[in-house]
Amino acid sequence: MNEPSPARSATSRDAAGAAVSTPADAWRTLLEGNARFADGRPRESDHHPSRRAELADQQRPFALVFGCGDSRVAAEIVFDQGLGHLFVVRTAGHVVDTGVLGSVEFGVDRLGIPLVVVLGHDSCGAVSATIEAVATGVLPAGFVRDIVERVTPSVLAAQRQGHTSPDEVEAEHVRQTVRLLVDRSAVLADAVRAGRCAVVGLVYRLVEGRVSVVETVGDLPDGGPTPAA
């Protein structure tokens, strides 16, 4: 058996310096950070030179956030965390490709991250474009077409359940993304089964600044935000 890497065996810490080592720890830390952000009481930014020097040789993030590339949904701000706390992967419409899967496996296997978050949001342009493409049968040009094609299964899954509003479709897209990550990545699935990692799918509300749960995989405590549609 391979020995754990130094990063995996070390304890991660949140913006306040508290130890974060389990999926439940990471989940609680993110919820607390989002509450501070939504209430307009964020911590002092952890971007000072000493922090940069501390992180120069290694990183120990406690959560991996896979989210949409939308400029309004920056994970470090939404969860009120600083440098070195989150490993962030972003694509338009949080669509999954091999680069995303490799990044998730790097975070879970090499860095020992205990929580993977799929972060969607309302008013998502990729979801809106896909709803339109499904309705009209007209696909966009260029590589935007690839994004729409990857979101289409989620739109169709939502419609089969009678869900047609953009918010309902986005919630289903987050749900499908969570399941896709676990289905496609044996590394992530094994970590979840072993209790080393959990996965949670969230929808972020742009105006309210709060996240809602739509899907969880693995051992996470109850008491999170009210589930979205």
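1. Not counting residues up to four places away in sequence, Arg-36 touches Arg-41, Pro-42, Arg-43, Phe-79, Asp-80 and Gln-81; contact here means heavy atoms within 4.5 Å. Arg-36 is found in helix H2, residues 23-38. Helices (H or I, at least four residues) and strands (E, at least two) are DSSP runs, numbered from the N terminus. With a relative accessible area of 9%, Arg-36 is buried. Buried stands for under 20% relative accessible area, exposed for over 50%, and partly exposed for values in between (1.4 Å probe, protein chains only).

2. On the basis of the note: this is a predicted model, in which local features need pLDDT of at least 70 and side-chain atom pairs count only at pLDDT 80 or more, while totals for chains, interfaces and linings use all residues. Residues are numbered from 1 along each chain as its sequence is written, and side-chain values use heavy atoms, with hydrogens and water left out.

3. The chain as a whole has 9 helices and 7 strands. It holds 229 residues, of which 45% count as buried. Among contacts between residues at least 6 apart in sequence, 67% join residues at least 24 apart. The accessible surface of the chain is about 11200 Å², and 50% of that belongs to carbon and sulfur atoms. These areas come from the Shrake-Rupley method with a 1.4 Å probe; for residues, only the protein chains shown count as cover.

4. Which residue forms a salt bridge with Arg-36? The partner is Asp-80, and the closest N and O atoms are 2.6 Å apart. A salt bridge is a side-chain nitrogen of Lys or Arg within 4 Å of a carboxyl oxygen of Asp or Glu. Arg-36 lies in helix H2 and Asp-80 in the loop between helix H4 (75-78) and strand E4 (86-91), so the pair ties together parts that are 44 residues apart in sequence. Side chains of opposite charge can pair when their charged atoms come close.

5. Both Arg-36 and Asp-80 are buried, and the relative accessible area of Asp-80 is 9%. The backbone of Asp-80 also deserves a look: its phi is near 55°, a positive value in a residue other than glycine.

6. By the rule above, the count comes to 14 salt bridges. One of them joins Asp-25 to Arg-28, with the closest N and O atoms 2.7 Å apart. Both residues lie in helix H2, 3 residues apart, about one turn of the helix. Asp-25 counts as buried at 16% relative accessibility, whereas Arg-28 is partly exposed at 42%.

7. Arg-51 forms a salt bridge with Glu-54, and here the closest N and O atoms are 3.1 Å apart. Arg-51 and Glu-54 are 3 residues apart in helix H3 (residues 49-54), so about one helical turn separates them. Elsewhere, a network of salt bridges links Glu-172, Arg-175, Arg-179 and Glu-215.

8. Helix H5 (residues 98-110) packs with helix H9 (residues 186-193) at an angle of about 40°, and their axes are 9 Å apart. Axes are lines fitted to C-alpha atoms, for helices over the stretch in contact, and angles run from 0 to 180 degrees between N-to-C directions. On the H5 side the contact is made by Val-104, Glu-105, Val-108 and Asp-109, and on the H9 side by Ala-186, Val-187, Leu-188 and Ala-191. These residues divide into 6 nonpolar, no polar and 2 charged. Ala, Val, Leu, Ile, Met, Phe, Trp, Tyr, Cys and Pro count as nonpolar, Asp, Glu, Lys and Arg as charged, and the others, Gly among them, as polar.

9. The loop between E4 and H5 contains Gly-93 and also His-94. His-94 has a positive phi of about 35° although it is not a glycine, and it is buried with a relative accessible area of 0%. Gly-93 counts as buried at 1% relative accessibility. Not counting residues up to four places away in sequence, Gly-93 touches Cys-68, Cys-124, Ala-126, Val-151 and His-173. Gly-93 and Ala-126 are 33 residues apart in sequence and 5.0 Å apart in space, C-alpha to C-alpha.
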